[in-house]
Amino acid sequence: MSALDAHYMARALELARKGLYSTHPNPRVGCVIVRDGEVVGEGWHLRAGEPHAELHALRAAGERARGATAYVTLEPCSHHGRTPPCADALIRAGVARVVAAMGDPNPQVDGGGLQRLREAGIEVASGVLESEARELNAGFVKRMQTGLPLVRVKLAMSLDGRTAMASGESQWITGPAARAEVQRLRARSSAVLSGADTVLQDEARLTVRPDELGLDDEQRALAAGRLPQRVLIDGRLRVPADAPFFKAGAALVACCAEGDAAGVLRGRGHEVLALPGGDGHVDLPALLRLLGERGANELLVEAGPRLAGAFARAGLVDEYQIFVAPKLLGSDARPLLDWPLQRMAEAQQLQIQDIRAFGDDWRIRAVPRR
């Protein structure tokens, strides 16, 4: 990898991140076209069904694309979907070289795009800033490889590891800057999930509030135009149809068994699915498979200790985002996770990826060690 290739790929990744809130269920992709040391075209994928990053960049470059190098954060597609193959467009434009950050994990592509370019006589390179490209589209990669979305669990706690007072009071542990980051987490997710306890106790809505995102006008408009699917796990359908959660818009409700309440919810525009598990609770793996089949790349879990603990115990968590507030709630307050462990050998080992301040609070981003 040359320094020049890394430089232009870094720009392509910067463009790809512009689609952070809008490309679902597609990956976030950026493209930069360079000829004789000059950037002649740039583009990024905006939303599903619209032109891919390569098409935008080629249109900007025009005839200057002939003989140029195209830097793309994901292998150009080689199949007909809602848009024509990008590999064919690059061939027609006469580019001389294509540099991809990573291969496309989509089985419909999976090397086919790069192979088509090689067969057309175009020089091909891959693996430039690959780790950064994979992180940007970690949810898409996981769904393509496993059929499941990436599961990100958001937790907020005090310095002594407590999430709410014994009464259930929890608003607000963290400050405005941390809550704005949570809003951005919601906006980038394909779906946001919570449980009946949280929705009843906190009157949670799980909505994205554009004015609280702290984004520029363009990104705020994109986030507002593509809202995540709201999902409620309510095994016994305890949350009433007139709760704030349901008034906030259509939702998917996963329960153990349907009853009269299911008909009421459906009559108000909500989807109710019975997904009983063998333990008397909702079958979480089945729910994840369903969301993956529907194109969910990233699932954000915002739940209380019981449901968050259930995801952790089942080994379904890919990433924790733990917000830590500089306060103490005391020994009677509720713990971070309902996950009783008896021996040190049972402890879940985490690898910390990042620690960052948001106002007076800190966010720890960590992944389980498998």
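The secondary structure of this protein comes to 13 helices and 16 strands; helices are DSSP runs of H or I with at least four residues, strands are E runs of at least two, and both are numbered from the N terminus. This is a predicted model, where local features need pLDDT of at least 70, side-chain atom pairs count only at pLDDT 80 or more, and totals for chains, interfaces and linings use all residues. Residues are numbered from 1 along each chain as its sequence is written, and side-chain values use heavy atoms, with hydrogens and water left out.

Overall dimensions next. The C-alpha trace spans about 70 × 45 × 40 Å along its principal axes.

Of the 370 residues, 53% count as buried. Buried means under 20% relative accessible area, exposed means over 50%, and partly exposed is in between, with a 1.4 Å probe and protein chains only. The accessible surface comes to about 16800 Å², and 49% of that belongs to carbon and sulfur atoms; areas come from the Shrake-Rupley method with a 1.4 Å probe, and for residues only the protein chains shown count as cover.

On contacts, meaning heavy atoms within 4.5 Å: take those between residues at least 6 apart in sequence, and 70% of them join residues at least 24 apart.

Now the annotated positions. Which residues does the UniProt annotation "binding site" cover? The unreviewed entry lists Ala156, Trp172, Thr198, Asp202, Gly304, Pro305, Arg306, Leu307, Ala308, Gly309 and Ala310. They are spread over 155 residues of sequence and also spread in space, up to 23.8 Å between C-alpha atoms. UniProt positions are in the numbering used here, feature names are shortened, and annotations may be inferred rather than shown by experiment.

Is Thr198 buried or exposed? Thr198 counts as buried because its relative accessibility is 14%. Asp202, at 24%, is partly exposed. Leaving aside neighbours within four places in sequence, Thr198 touches Glu203, Ala204, Glu302, Ala303 and Gly304.

Some backbone points to check on the screen. His24 and Pro25 are joined by a cis peptide bond, with omega about 0°. Pro25 lies in the loop between helix 1 (3-16) and strand 1 (30-35). Asp36 is not a glycine, but its phi is positive, near 55°. Asp36 lies in the loop between strand 1 and strand 2 (38-44), and at 75% relative accessibility it counts as exposed. Leu237 also is not a glycine and has a positive phi, about 50°. Its place is the loop between strand 9 (229-233) and helix 10 (244-247), and Leu237 is buried, at 11%.

Last, Gln351, in strand 15, residues 350-358. Gln351 is partly exposed, with a relative accessible area of 36%. Apart from neighbours within four places in sequence, Gln351 is in contact with Arg365, Ala366, Val367 and Arg369. How far is Gln351 from Arg64, 287 residues away along the chain? Their C-alpha atoms are separated by 46 Å.
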